Amino acid sequence: MGIFDEEERKPAAPHQLGQDLSLLSVDELKHRITLLQDEVSRLEREVESKGATKNAAEALFHRG
């Protein structure tokens, strides 16, 4: 490695709730917001899926 080679950047640590955000750039904050919004959407889809499964099971077992 030459003296002008850039050091390898470590991958960003995953977001942790309550962590200090003061050292993150605006771009890093925006990226984390996008990642967290995507995760919220994924969680909401899972809740809906589980709700549909529960409703189907209830309908099956509460027949006449």
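Predicted model: local features only at pLDDT ≥ 70, side-chain atom pairs only at ≥ 80, totals over all residues.
Reader: What percentage of the residues count as buried?

Author: A residue counts as buried when its relative accessible area is under 20%. Of the 64 residues in this protein, 3% count as buried.

Reader: How many helices and how many strands does the secondary structure contain?

Author: The secondary structure comes to 1 helix and 0 strands. The helix, H1, covers residues 26-61.

Reader: How many salt bridges does the structure hold?

Author: To call a pair a salt bridge, one looks for a side-chain nitrogen of Lys or Arg within 4 Å of a carboxyl oxygen of Asp or Glu. The structure holds 3 salt bridges.

Reader: Which residue forms a salt bridge with Glu39, and how far apart are the closest N and O atoms?

Author: The partner of Glu39 is Arg42, and their closest N and O atoms are 2.7 Å apart. The two residues are 3 residues apart in helix H1, so about one helical turn separates them.

Reader: Do Glu39 and Arg42 count as buried, partly exposed or exposed?

Author: Partly exposed residues lie between the buried limit of 20% and the exposed limit of 50%. Glu39 has 31% relative accessibility and therefore counts as partly exposed. Arg42, with 47% relative accessibility, also counts as partly exposed.

Reader: Which residue forms a salt bridge with Lys50?

Author: Lys50 forms a salt bridge with Glu46, and the closest N and O atoms of this pair are 3.6 Å apart. Lys50 and Glu46 are 4 residues apart in helix H1, which means that about one helical turn separates them. With regard to accessibility, Lys50 counts as exposed at 54%, whereas Glu46 counts as partly exposed at 41%.

Reader: What is the N to O distance in the salt bridge of Glu58 and Lys54?

Author: The side chains of Glu58 and Lys54 meet in a salt bridge with an N to O distance of 3.9 Å. Because these residues are 4 residues apart in helix H1, they are separated by about one helical turn.

Key:
Residues numbered from 1 in each chain as written. Heavy atoms only, no water. Buried < 20%, exposed > 50% of the residue type's maximum accessible area, 1.4 Å probe, protein only.
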